[in-house]
Amino acid sequence: MLPISLPGADGVWHNLHLAPGAWAGDTAEAPTALAVQHGQITWMGGAQALPAAFAGLPRFDGRGALTTPGLVDCHTHLVYGGQRANEFAMRLAGASYEEVAKAGGGIVSSVKATRAASEDDLYAQAAPRLKQLLNDGVCAIEIKSGYGLSLAHERKQLRVARRLGLDHGVTVRTTFLGAHALPPEYAGRSQDYIDLVCHEMLPALAAEGLVDAVDVFCERIAFSLAETEQVFKAAQALGLPVKLHAEQLSDMGGSALAARYGALSCDHIEHLSEEGIAAMRAAGTVAVLLPGAYYTLRDTHVPPIAALRTAGVPMAVSTDHNPGTSPALSLLLMANMACTLFRLTVQEALAGITTHAARALGLQDTHGALAMGRPANFVLWDVAEPAELVYWLGQQPGRTVVRQGRVALDTLGVVPQ
Ligand code: DI6
Ligand code: FE
């Protein structure tokens, strides 16, 4: 699926019903039309006010379709070898996530399969997953490493992530998660592995242009607060932004540490404390909610949504797609689950998969909301109202997806064949 083979979206898109919060800027009245030229939004407004300069462009009639910015999936582990349905069955039989991990399953079993796969194998396994997310309306996605856990294998994962973005015409932000788990060959030598991450892997991969951000799994079963800080220092020295898998299974104080390093986001945060919230608020760090992992692990500790809301910490929602704890491939389903399981409002859930998700990737100036001068990423939906977008479970409403200025999917039939 080469983007160049898709029809261009250049023209005037009119008769649109922009969802609340879908556009950036202070116009109180929702624009109903926008112009796309050379893949960029070059004008937005009421169709009556279309400047003469755009009058000659092709016209696409949205027929009143609800229109949102392209969706942003801001936390995924999309590139890995194999799958772990066996562990799903083990957990059903009563084993906890920690017990599965201690029994040699968990992240390390995906590490084995990832190391055994060639770059092309990994690409072939990840591409259908990416397509599934793209069909859901995703126009920007974060992809983490973390199943290679050595320089060569982490490089392989990150290279696949970059290739996926180029081949599918989608914005991919890569995150280096070398500190995801202790590789078996470093058993009992955690500090040696962190040294490798900080002094060899990260600098080499950053120099190759493969790293947009740096993440750590800060948890009892993964890396300590002190180890996390070493990785953050190494990232900071290279001028790379940080994020954190924080307070998923316990309150480690990771969020406050991440906030001190100006983290883009703290993710999971089921056990986030008041102090963590205050630190994130002060640093402008986004709270990324991952209801897919919460659901799969049959967690019962809900993230402190009301306190985050009161503090004004922006909340994003993501799939956390990974083979162990969240084999989820629909961002709209995650928005539904964020509402049902975490009690987000519809408006919060939609902001969570657009505006705030873009901020969690440092993409707030280009993605997550429609505005002049931004790349054309938007979706027209065959739904009657915004709530319908997050209401269905597993239904795919009709949609027309414009991604990077190309018509990537058009089940509404807006673009004449
Ligand atoms: N937290 C998670 O939920 C995933 N990674 C992480 O740091 C789990 C990844 C896996 O089980 O493969
Ligand atoms: Fe994750």
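View 1. The shell around ligand 1 splits into 4 nonpolar, 8 polar and 2 charged residues (Ala, Val, Leu, Ile, Met, Phe, Trp, Tyr, Cys and Pro count as nonpolar, Asp, Glu, Lys and Arg as charged, and the others, Gly among them, as polar). This is a predicted model, where local features need pLDDT of at least 70 and side-chain atom pairs count only at pLDDT 80 or more, while totals for chains, interfaces and linings use all residues. Residues are numbered from 1 along each chain, ligands are numbered from 1 in the order in which they are written, and side-chain values use heavy atoms, leaving out hydrogens and water. Of the 14 residues around ligand 1, the nearest are Arg-84, Tyr-97, Tyr-147, His-180 and Thr-325 (near means a heavy atom within 4 Å).

**View 2. Polar contacts to ligand 1.** Here we look at pairs of N or O atoms within 3.5 Å. The side chain of Arg-84 puts an N or O atom 2.8 Å from an oxygen of ligand 1. Thr-325 also has a polar side-chain atom 2.8 Å from a ligand 1 oxygen, and for His-245 the distance is 3.5 Å. The protein buries 100% of the 320 Å² that ligand 1 exposes when taken alone (Shrake-Rupley method, 1.4 Å probe).

**View 3. The iron ion (ligand 2).** Its protein donors (N, O and S atoms within 2.8 Å of the metal) are His-75 (NE2), His-77 (NE2), His-245 (NE2) and Asp-320 (OD), at 2.1 to 2.3 Å. Along the chain, these donors are spaced H-x1-H-x167-H-x74-D.

Terms used: Polar contact = N/O pair within 3.5 Å; in protein donor to acceptor, adjacent residues only side chain to side chain. Donors = N, O, S within 2.8 Å, 3.2 Å for Na, K, Ca; no water.
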